[in-house]
Amino acid sequence: MSLRAPLGRVLGHGSAKEGVQHWWLQRLTSIALVPLGIGFVASLLTLPALDYATLVAWLHQGSTALGLVLFVLVAARHSQLGVRVVIEDYVHGGGLKALSLVIVEFAHVLLAAAAIFAILKIALGGRL
Amino acid sequence: MPERPLSPYLSVYKFKYTLVTSILNRLAGLVLSLGFVLLAYWLVALAGGARTYAQARALLALGIFKIVYALMLAAFAYHLIAGLRHLIWDTGRGLDRRSSRRSAWWVAALSIIATLALAYLLLRPGAYAQ
């Protein structure tokens, strides 16, 4: 048992108020992904074909583009939070763990940005 | 740093439904994360124009991706339903042993039904995946 006072032990270790942020954001994104995920899959399943012209026309609809941007944004954040925990739990060794975390965090931002840019480029571009 | 016991330490746990439902949810999440890479690639190829998209489509039609899509369907169904179970747990309900055992069976049954329904919708006569 340590003889240090409880206050002395916590001072300098930051505020505890953000401890649940990861947990909270994971719940918020999962609630949002229920309608967004079902909507995305349902919308994709109702398409008559997956050829270029059909998909471009599909993304020219405002509701599709908006829904897809939201889906990509929220899914990327949710995935980022989830994969991060998996790495924290199963990748051992300081260097490898840190490296995987950096790669995964960067990859999520890059993929989300590229996907959203692609959606907007098609949605705001000219019709065929 | 002193050597401390690590958790989750899979190999020392008894194989029970609690472990199975939990680890499957993680695995399904990881599969969907990999699916996100495919989604981004597909959208970027589409934005690249008709020729780029045709090339990407030929690549994504390779046999190996059939397995990937099947896994993604199952992962989507399982992660969605098991995730809803987690959200109900977060309200403090259904955490006792009996309810959690019962909801584990519900998750298994519903996700199998949902996976089969999705597979049917994709492969039904006239669907594009034919």
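**Figure 1. Asp89(A) is a buried residue of helix α4 of chain A in this predicted model.** Asp89(A) has a relative accessibility of 18% and therefore counts as buried, a term for residues under 20% relative accessible area, whereas exposed means over 50% and partly exposed in between (1.4 Å probe, protein chains only). The helix that holds Asp89(A), α4 of chain A, covers residues 62–90. Helices (H or I, at least four residues) and strands (E, at least two) are DSSP runs, numbered from the N terminus. The model is predicted, so that local features need pLDDT of at least 70 and side-chain atom pairs count only at pLDDT 80 or more, while totals for chains, interfaces and linings use all residues. Residues are numbered from 1 along each chain as its sequence is written, chains are lettered from A and ligands numbered from 1 in the order in which they are written, and side-chain values use heavy atoms, with hydrogens and water left out.

**Figure 2. Arg26(B) and Asp89(A) form a salt bridge.** A salt bridge is a side-chain nitrogen of Lys or Arg within 4 Å of a carboxyl oxygen of Asp or Glu. Here the N to O distance is 2.8 Å for another pair, Asp90(B) and Arg27(A), and 2.7 Å for Arg26(B) and Asp89(A). Because Arg26(B) lies in helix α1 of chain B and Asp89(A) in helix α4 of chain A, the pair joins two chains. The side chains of Asp89(A) and Arg26(B) are also joined by a polar contact of 2.7 Å. A polar contact is a pair of N or O atoms within 3.5 Å; within protein, one must be able to donate a hydrogen and the other to accept it, and residues adjacent in sequence count only if both atoms are side-chain atoms. Arg26(B) is partly exposed, at a relative accessible area of 26%.

**Figure 3. Asp90(B) and Arg27(A) meet in a salt bridge.** Over all chains, the rule gives a count of 3 salt bridges. This pair crosses between chains, from helix α3 of chain B, which holds Asp90(B), to helix α2 of chain A, which holds Arg27(A). Asp90(B) is partly exposed, with a relative accessible area of 33%, whereas Arg27(A) is buried, at 18%. Side chains of opposite charge can pair when their charged atoms come close.

Figure 4. Arg84(A) is partly exposed, with a relative accessible area of 33%. Glu88(A), at 32% relative accessibility, also counts as partly exposed.

**Figure 5. Chain B and chain A meet at an interface.** In this view, 32 residues of chain B are in contact with 41 residues of chain A, where contact means heavy atoms within 4.5 Å. Between them the chains bury about 3000 Å², 76% of it on carbon and sulfur atoms. Buried area is the accessible area (1.4 Å probe) that two parts lose on being put together, summed over both. In chain B, the residues that lose the most area to chain A are Arg26(B), Phe36(B) and Tyr128(B), together 23% of what that side buries. Across the interface the rule finds 2 salt bridges, and 6 residue pairs are in polar contact, both residues at pLDDT 80 or more. On the side of chain B that touches chain A, α1 (17–47), α2 (50–60), α3 (63–90) and α4 (97–123) each supply at least two residues. Of these helices, α1(B) gives the most, with 13 residues. The residues of this side divide into 24 nonpolar, 4 polar and 4 charged. Ala, Val, Leu, Ile, Met, Phe, Trp, Tyr, Cys and Pro count as nonpolar, Asp, Glu, Lys and Arg as charged, and the others, Gly among them, as polar.

**Figure 6. Phe40(A) and Phe71(A) form a stacked aromatic pair.** The whole structure holds 3 aromatic pairs over all chains. Rings of Phe, Tyr and Trp (its six-membered ring) pair if their centres lie within 6.5 Å; planes under 30 degrees apart count as stacked, over 60 as edge-to-face and the rest as tilted. In this pair the centres lie 4.7 Å apart, with 15° between the planes. The pair links distant parts of the chain, Phe40(A) in helix α2 (residues 21–45) and Phe71(A) in helix α4 of chain A, 31 residues apart. Both Phe40(A) and Phe71(A) are buried.

Figure 7. Phe65(B) is buried, at a relative accessible area of 16%, whereas Tyr69(B) is partly exposed, at 33%.
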